[in-house]
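Please open the structure in your viewer and keep the selection tool at hand.

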Amino acid sequence: MVNSVPRLVIAAPASGSGKTTVATGLMAALSARGFAVSPHKVGPDYIDPGYHSLATGRVGRNLDAYLCGPELVAPLFAHGARGCDIAVVEGVMGLYDGAAGEGELASTAQVAKVLRAPVVLVVDASSQSRSVAALVHGFVSWDPEVRIGGVILNKVASDRHEGLLREALESVGVPVLGVLRRAAQVETPSRHLGLVPVAERGSVAVEAVSAMGAQVADGCDLPALVALARSAGSLAGAGWDAGAALVSSPPPPLPSPTLGFARAGGPPSSSGALPPDPCTALDGPCPRTPDGLVVAVAGGAAFTFSYAEHAELLAAAGAEVVTFDPLRDEELPEGTAGLVLGGGFPEVYASELSANESLRKAVSELALAGAPVAAECAGLLYLCRELDGLPMCGVLDASARMAERLTLGYRDAVAVSDSSLAATGTRMRGHEFHRTVVEPGAGDAPAWGMRAPERRVEGFVERGVHASYLHTHWASEPGVARRFVERCRTS
């Protein structure tokens with residue numbers, strides 16, 4: 001199969017240059033003109049895709065070559081872009097910045113090359129004039145395999161400033177495809193983990209995205225951008241499919257007695273062997289349940305971090321995925337057999353989460369009964385005994401609090417305890433992104449052993465609970481969804 005969806009990658013020399021404004025504005029402007037726009041984001045970021053979804057009316061999807069491997073970037077892109085007229089991919093950090101110490105891995109440049117997509121470079125021109133030519137020339141010449149097809153100048157002060165910039169760039173031979181002035185309406189507020197998510201801003205976010213669309217439509221050459229997108233090279237191969245991924249995923253590794261991860265108090269202990277996983281003997285996904293097997297997935301303003309492929313994999317494995325809001329719903333969805341608590345901002349909503357005693361009790365009872373629970377970051381905090389002194393679900397004998405230091409980075413991890421999510425020895429790559437601390441940081445049966453950047457154990461495996469700070473992308477290891485659903489079926 002050949003994928004020829006027109007596509008652009010919106011990149012920048014550095015963070016803070018205006019990528020999100022331009023990418024989201026371009027998505028909104030094209031959508032307003034009748035294009036079916038497929039929104040994508042390079043890297044693990046959960047927040048920007050929310051703005052992309054608002055601009056396009058479609059699910060924002062991530063393309064992360066570290067979490068999923070470079071070989072999955074094009075299939076995941078094709079999956080998200082199926083049926084669309086054009087795709088816009090927002091980059092991460094600076095164009096050539098990737099995973100620390102890993103060369104170009106997970107950089108916007110790598111993703112652009114894998115997708116055979118032209119790049120539009122967004123340059124913050126607020127403090128320069130003729131020097132912009134040297135900057136753009138450097139980015140154009142650094143990697144000949146990266147095709148920079150145009151520049152959008154952001155934060156331009158005046159017509160005279162624009163003239164100086166355009167004159168300087170004539171010598172580089174890269175067309176100026178847009179010029180944007182400063183605009184307070186398009187600014188999005190930030191806090192300790194980046195932009196404030198769409199779910200928390202309501203109508204204000206809608207107005208901001210609309211303003212971004214208007215600014216890009218007024219300041220950019222939309223026909224030229226569409227023409228550039230149509231010059232992208234064709235991609236061979238089929239799009240990613242959740243059902244096919246489950247069929248082709250290998251069975252998890254056999255448990256290992258020890259994986260050699262050091263921790264205070266000695267090596268990690270095991271919580272005991274779980275019953276054999278019936279799915280490991282199957283060539284394909286676990287059979288669907290005719291009457292519906294409910295897996296409840298936390299959503300709402302406190303739990304906004306989720307990859308769309310997770311729900312798709314759960315559904316392909318036979319689950320009925322039902323979203324609930326821990327801030328508002330007093331009970332879990334009827335018939336809940338398993339629970340997924342993703343990332344988000346429970347620290348911002350700690351008092352509201354704590355006040356919902358009925359739901360906290362329901363979550364605790366479900367977990368204590370042995371039902372499978374997969375909790376990442378925010379979910380881990382929610383399962384703790386307390387968060388910043390306020391009662392949480394009390395499933396884990398641990399307390400959580402805000403911290404001064406941000407923990408951020410990619411991780412290479414291996415499961416060190418057999419759980420409802422992963423067999424011992426399962427290797428996954430993940431991402432940590434939090435400004436909280438959980439004490440203790442690991443239970444008697446830790447969830448993960450971190451292989452890089454440092455060797456340590458982290459997280460908790462208790463009964464059916466798998467709780468950790470680590471965000472993972474299940475498309476890289478579809479068997480975890482199959483295993484989780486089967487445990488829901490048999491627990």
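This is a predicted model: local features need pLDDT of at least 70, side-chain atom pairs count only at pLDDT 80 or more; totals for chains, interfaces and linings use all residues.

Residues are numbered from 1 along each chain as its sequence is written, and side-chain values use heavy atoms, with hydrogens and water left out.

**The sheet.** Select S13, S12, S14, S15, S23 and S22: in that order, these six strands form an open sheet with mixed pairing. Strands are DSSP runs (E, at least two residues), numbered from the N terminus, and two strands pair if DSSP finds at least two bridges between them. S13 and S22 (460-462) are the edge strands, each pairing on one side only. From one strand to the next, the twist averages 15°, with axes being lines fitted to C-alpha atoms and angles running from 0 to 180 degrees between N-to-C directions.

Next, select S22 and S23 (residues 465-468), which run antiparallel and are joined by three bridges. Val461 stands opposite His466 in S23.

**Backbone features.** Most residues other than glycine have a negative phi, and most peptide bonds are trans. Select Lys155, which has a positive phi of about 60° although it is not a glycine; Lys155 lies in strand S7 (residues 148-156). Then select Glu439 and Pro440, joined by a cis peptide bond with omega about 0°. Pro440 lies in the loop between S19 (427-439) and S20 (448-452).

**The surface.** Finally, select Asp329, Glu330, Glu331 and Glu365, which gather in a patch of negative charge on the surface. Patches are made of residues with over 30% relative accessible area (Shrake-Rupley method, 1.4 Å probe, only the protein chains shown counting as cover) and no salt bridge, with like charges joined within 9 Å and nonpolar side chains (Val, Leu, Ile, Met, Phe, Trp, Tyr) within 5 Å. A salt bridge is a side-chain nitrogen of Lys or Arg within 4 Å of a carboxyl oxygen of Asp or Glu. Asp and Glu count as negative, the charge being placed at CG of Asp or CD of Glu. Glu331 lies in the loop between S13 (319-324) and S14 (336-341).

Terms used
Helices (H or I, at least four residues) and strands (E, at least two) are DSSP runs, numbered from the N terminus.
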